[in-house]
Amino acid sequence: MSLTSGTRVRDGGGVAAPPPARPRRRGIGWAQRLEIVALSGPAILMFVGFVITPVLLAAYYGFYRWKGFGPPTNFVGLDNYVTILQDKLFHEALWHNAQIVVLSLVLQGPIALGLALLLNKKMRGQSIVRVLIFVPYVISEVIVGTAWALLLQSQGAVNGVLRSIGLEGLAKDWLADPSLAIWTLMLILTWKYVGFAVILFLAGMQNIPEELSEAAAMDGATYWQTQWRITLPLLGPTIRIWGFLSVIGALQLFDLVYIIWGQYVASTAGTSTMATYMVSEGRNAGNYGYGNAVAVVLFIISMIIALVYQRLVLRRDTEGALTGGR
Amino acid sequence: MSTATHAKRGNPVVYVAALALIGVMLGPVVYIIIGGFRTNSQITTDPAGLPDPWQFGNYADVLTGDTFWLQVTNSTITAVITTAGVVTLGVMASYVLARYHFRGRGAMYALFAAGLMFPPTVAITPLYVLIKNLGLVNTLPGIILPQIAFSLPTTIIILVPFLRAIPRELEEAAFIDRCSRLGFFWRMVLPLSVPGLITVGILAFVNSWNSYLLPLFILNDQETFTLPLGVQAFASQYSVDTAKVLAFTSLSMIPALVFFSLFERRIVGGLTGAVKG
């Protein structure tokens, strides 16, 4: 961003790639190489061992019919993949994921922007409000799931309140009604994760120099004009990064659905996701080969979407942050 | 960014909006906490009411039982070691990425950045097999090690800009004083990057404290359960005793909440360098 302060420009922007190397001294000495290896070795080993290896293993196991005991021997080629792509349950899960991806962006983005603008205003008690708004984001999925399941069950508190204020008609079976459940899920997701977006947006707003809005005010711009013409465009990169994280999170959504709807009800209520499908058809059914194949499909779908998003949306701000600044 | 010139300090609309917001965000949480002070019959007859009279038995039962404390201990050990591991490995690797110039640096950065795309969900099934082959199923290291690995991408992405922002003059001055690169790292970089380290530390701690999927796969033995698994087990074991479940649930969220509230400013501040374009 050309408008941010000097140092910022120099370090090229957070998530972005390292800046072009300075004129480098010729080669680097053995001592330095040793330091590089000693400092970065442990992190690379851990990362390759526990993140990269499992992903590769999944690709391997996915070709087997395998119950998870001993080495896999029953090679079935692409059978698992054929089954997945033909399974109606998987199609449904994929469709739910697609809805969740889009609705998350559409619901959480504007709400979070509004909240961030609100919290960025100077007002009394601001610090308390800021802490409180993050509460849902900080408590665990299990707690959120347990609490909302209790609140929303047909004899739960939400319906209780609705009945007691005479809105009988609005009391619904929030969790089990297939036409409603996905919206219930979206409501809970928004409640839970909007705080994360707000944190990012607030952090992004700190980078926008005050002088800009002061100058705008001096030229007679109203508050909303300032936000619309200055804050929002300058927040663009942050919003786009958030969008990326949100899409990836939505594609891999598991915890809340699994906790609230359990493994069996999710598909009948219309909230199953690819990840809950993977766990219930894979591990819970004892079909580890199949579960791994589902993981591979999930991986490929996520990667394609991530790359497309990066090409189309992130390109102009991060210049290859996620592919390492070629 | 300030809007001081225009902000009317007492604008009531802003305060009403803020209050409504707090109500929505805190409602369910308050419901859990207050529900723990009620009896089951109170909850059944009026699901949304206040305790009448207030019951302290549920909380007392949970606090005097062994299960809760065992799980608190497991969660604490896991979160503390995970945090220490992530911060240590993360800052070392970030220092290399931020201040050394060598071939393959771009590739190394790309390797970790790619990790952002893949939360544990994708890798969980084979990861379970891997942990099983290592003999670490039903042990805390079985979740600590993968957690460290999966937290590294975020940590590194946040820390690299932080470390890079340390002025070059400082480095040159240190070298003139015959400080080695490692000496510079130890004596200057670490102290200067404490705010960033706190940010990534909190994120790692809270993530570990709340982690569900990984323990779900790796830990089957009640003795090794962390709190999220404990809450779920408790909720199904005492499914008829809603009040007690609520008490257990509210107690289990305290540490992460306290931790986060204390450092909220640091987190927003620490991310400031990382999220800008």
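Reply: What follows starts with the contact between the chains and then moves out to each chain in turn.

The model is a predicted one. The contact takes 107 residues from chain A and 93 residues from chain B. On the side of chain A that touches chain B, the largest share comes from helix 2 (residues 30–61) of chain A, with 18 residues. By class, that side of chain A divides into 62 nonpolar, 31 polar and 14 charged residues.

The largest nonpolar core holds 170 residues, and its members with the most contacts inside it come from both chains: A:Ala116, A:Val198, A:Phe201, A:Val294, A:Leu298, B:Ala149 and B:Leu152. Apart from its neighbours within four places in sequence, B:Leu152 is in contact with A:Ala43, A:Met46 and A:Phe47 in chain A, and with B:Val86, B:Leu89, B:Gly90, B:Phe112 and B:Gly115 in chain B.

Another place where the chains come together is helix 8 (residues 157–164) of chain A, whose buried residues are A:Ala157, A:Val158 and A:Asn159. The cover over these buried residues includes helix 7 (141–152) of chain A and helix 1 of chain B. After helix 8 of chain A comes A:Gly166, with a positive phi near 80°.

Now chain A as a whole. Chain A has 14 helices and two strands. Of its 326 residues, 45% count as buried. Among contacts in chain A with a separation of 6 or more, 66% join residues 24 or more positions apart. An unreviewed UniProt entry lists residues 34–63, 98–119, 131–151, 180–203, 239–261 and 288–309 of chain A under "transmembrane region". Two of these spans can be compared with the model. Residues 34–63 of chain A are 93% helix and 0% strand, with the end C-alpha atoms 40 Å apart. Residues 239–261 of chain A are 87% helix and 0% strand, and there the end C-alpha atoms lie 31 Å apart.

A:Gln126 gives a sense of the extent of chain A. A:Gln126 is placed in helix 5 (residues 126–133) of chain A. A:Gln126 counts as partly exposed because 15 other C-beta atoms lie within 10 Å, while the cut-off for buried is 20 or more. From A:Gln126 to A:Asn74 the distance is 61 Å, C-alpha to C-alpha, across 52 residues of sequence.

The mean pLDDT of chain A is 78, and 86% of its residues reach 70 or more. The highest confidence in chain A is in helix 4 (residues 88–120) of chain A, at 89, and the lowest is in helix 1 (residues 6–10) of chain A, at a mean of 36. Over residues 1–18 of chain A, pLDDT stays under 50, yet the model has 47 contacts beyond four places in sequence for them. Residues 20–25 of chain A also stay under 50, with two such contacts beyond four places in sequence. Where pLDDT is low, the predicted coordinates should not be read in detail.

Chain B is divided into domain 1 (14–55) and domain 2 (69–272). The centres of domain 1 and domain 2 of chain B, taken over C-alpha atoms, are 33 Å apart. Eight residues of domain 1 of chain B are in contact with seven residues of domain 2 of chain B. On the domain 1 side of that contact, helix 1 (12–35) and helix 2 (40–45) of chain B each supply at least two residues, and helix 1 of chain B gives the most, with three residues. That side of domain 1 of chain B has three nonpolar, four polar and one charged residues.

For chain B, the unreviewed UniProt entry lists residues 12–34, 77–97, 109–131, 143–163, 184–206 and 245–263 as "transmembrane region". In the model, residues 12–34 of chain B are 100% helix and 0% strand, with end C-alpha atoms 29 Å apart. Residues 77–97 of chain B are likewise 100% helix and 0% strand, and their end C-alpha atoms are 30 Å apart.

One backbone detail in chain B remains. B:Asn138 sits in the loop between helix 6 (120–133) and helix 7 (141–164) of chain B. B:Asn138 has a positive phi of about 65° although it is not a glycine. With 14 C-beta neighbours inside 10 Å, B:Asn138 counts as partly exposed.

Conventions
Residues numbered from 1 in each chain as written. Chains lettered and ligands numbered in written order. Predicted model: local features only at pLDDT ≥ 70, side-chain atom pairs only at ≥ 80, totals over all residues. Helix = DSSP H or I, 4+ residues; strand = E, 2+ residues; numbered from the N terminus. Nonpolar A, V, L, I, M, F, W, Y, C, P; charged D, E, K, R; others polar. Domains from an automatic or database assignment. pLDDT = per-residue confidence, 0-100. UniProt positions renumbered as here; feature names shortened; annotations may be inferred. Buried ≥ 20, exposed ≤ 12 C-beta atoms within 10 Å, placed from the backbone. Core = buried A, V, L, I, M, F, W, Y, C linked by C-beta atoms within 7 Å.
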